[in-house]
Amino acid sequence: EVQKNHIHEGYSKLIKDLMKRGLPDTKLLNDAFRFAMEKHSGVFRRSGEPYMEHPLAVAQILVDLGFESDMVAAALLHDVIEDCDVKVEELTERFGKPVADIVDALSAVNAATGADSEMAKSEIDILSDVKLLRSIEKDPKALYIKLADRIHNLRTIGVFPYTKQREKAQHTRTIL
């Protein structure tokens with residue numbers, strides 16, 4: 001319950017920060033927050049914190065940089081396709097095509113999106129990078145969320161072995 005209250009307090013801060021700059025689309029944001037909370041319910045990061053802390057932190061980074069409601073909503077949702085088996089069509093119907101397209105661009109390639117189940121993780125990672133890079137050529141919005149995502153992941157990377165930390169940092173330098 002304490003963790004849930006902490007997440008809700010973080011979300012309230014995010015909305016207050018957005019309101020300082022104008023009128024955010026609170027319906028979109030509330031819907032995205034509730035949906036992400038539901039989909040990530042009961043899931044924890046390796047550090048032990050509720051998974052929802054991560055998308056909330058990514059969204060807060062974007063708020064702090066001055067991004068608007070659609071980007072913040074996409075940040076809250078950025079892992080639901082990849083981690084929660086949500087379909088792009090469901091996001092399109094619920095949050096609109098622009099938000100769904102951003103979340104889709106950020107989602108790793110997997111069996112459902114065209115990767116061969118026999119592929120090595122490294123090959124899937126390369127395909128996912130290509131997918132992201134092609135998506136940002138059309139619309140760079142996904143890149144900003146990917147960078148905020150990576151910033152938060154690098155801030156919290158200490159729970160991983162050194163070799164994994166180094167791999168992530170090198171990937172960030174090379175690809176992003």
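**Charged pairs**

Guide: Asp104 counts as partly exposed, at 23% relative accessibility (buried is under 20% relative accessible area, exposed over 50%, partly exposed in between, with a 1.4 Å probe and protein chains only). This is a predicted model, where local features need pLDDT of at least 70 and side-chain atom pairs count only at pLDDT 80 or more, while totals for chains, interfaces and linings use all residues. Residues are numbered from 1 along each chain as its sequence is written, and side-chain values use heavy atoms, leaving out hydrogens and water.

Visitor: Where do Asp17 and Lys13 lie?
Guide: Both are in helix H1, residues 2–19. They are four residues apart, about one turn of the helix. Helices (H or I, at least four residues) are DSSP runs, numbered from the N terminus.

Visitor: Is Asp17 buried or exposed?
Guide: Buried, with a relative accessible area of 12%. Lys13 is partly exposed at 43%. Lys20 is exposed at 69%.

Visitor: Back to Asp104. What does its side chain meet?
Guide: Lys131, in a salt bridge of 3.3 Å, N to O. The pair links distant parts of the chain, 27 residues apart. Lys131 is in helix H8 (residues 121–138) and Asp104 in helix H7 (residues 97–106). Lys131 counts as buried, at 19%.

Visitor: How many salt bridges are there by this rule?
Guide: Nine.

Note on methods
A salt bridge is a side-chain nitrogen of Lys or Arg within 4 Å of a carboxyl oxygen of Asp or Glu. Helices (H or I, at least four residues) and strands (E, at least two) are DSSP runs, numbered from the N terminus.
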